[in-house]
Amino acid sequence: MTEYRFYGNENPAAEAVTDEYPGIRTQFDLYDALSELWCAGTCAPRMRDRWSPENKTLGQCSITAFLAQDIFGGKVYGILRDGGNYHCYNVVGDVLFDLTSEQFGDEVLDYTDNPEQQREVHFAKEEKKARYEYLAAELKKYCINRQSKS
């Protein structure tokens, strides 16, 4: 059994609102799939030199949160970080989860009273939009390949 270390892993499962990604029904399914797909190429460029398979969630937050929003609905919120960037996470109904929280190790993040994030603002950065589109396309391929093997 997989031990999930992302924030909110003890919460009930969010349920997918789309069948666009076969086999992805909960945030746990999405985490499992993305664990196979996150890479240096999907990491934010400013962090890419520090990305490693041991810290696979580093620099993946916004593209992951908006992809999770596509699948589960809900809203994306952001925790303001030093340097003026936001660390993104998801809230679906009363379920809060942050699939990329592991990148912060033992640091405790404050998930209260944070501003909602808009994809139009994040994706105004062409490189971020391209990373999101790449990750979404790779997830579709992953899901279809897994489905054809079962």
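1. At 1% relative accessibility, F6 counts as buried; the term means under 20% relative accessible area, with exposed over 50% and partly exposed in between, for a 1.4 Å probe and protein chains only. Y31 is likewise buried, at 6% relative accessibility. The model is a predicted one, in which local features need pLDDT of at least 70 and side-chain atom pairs count only at pLDDT 80 or more, while totals for chains, interfaces and linings use all residues. Residues are numbered from 1 along each chain as its sequence is written, and side-chain values use heavy atoms, with hydrogens and water left out.

2. The structure contains twelve aromatic pairs. Rings of Phe, Tyr and Trp (its six-membered ring) pair if their centres lie within 6.5 Å; planes under 30 degrees apart count as stacked, over 60 as edge-to-face and the rest as tilted. The pair of F6 and Y31 is tilted, because the ring centres are 5.2 Å apart and the planes stand at 35°. This pair links distant parts of the chain, 25 residues apart: F6 is in the segment before α1 (27-37), and Y31 is in helix α1. Helices (H or I, at least four residues) and strands (E, at least two) are DSSP runs, numbered from the N terminus.

3. Ring pairs also join Y4, F6, F28, Y31 and W38 into a cluster.

4. How are the planes of F72 and F97 arranged? They stand at 90°, with ring centres 5.9 Å apart, so the pair is edge-to-face. Since F72 belongs to helix α2 (residues 61-72) and F97 to strand β3 (residues 95-97), the pair ties together parts 25 residues apart in sequence. F72 is buried, with a relative accessible area of 2%, and F97 is buried at 0% relative accessibility.

5. The largest pocket holds about 470 Å³ of space. On a 1 Å grid over the protein atoms alone, a pocket is an open set of points with protein on both sides within 12 Å along at least five of seven lines, and lining residues have an atom within 4 Å of a point. Its lining comprises 24 residues, of which R46, M47, C61, N85 and Y86 lie nearest the centre. α2, β2 (86-92), α3 (119-122) and α4 (126-149) each supply at least two lining residues; the largest share, three residues, comes from α4.

6. The second largest pocket has a volume of about 310 Å³, a volume being the space filled by probe spheres set on the grid points, which are joined across faces, edges and corners. Among the 16 residues that line this pocket, R5, S101, E102, G105 and E107 are the closest to its centre.

Methods. On a 1 Å grid over the protein atoms alone, a cavity is a set of points where a 1.4 Å probe fits but cannot get out, and a pocket is an open set with protein on both sides within 12 Å along at least five of seven lines; lining residues have an atom within 4 Å of a point.
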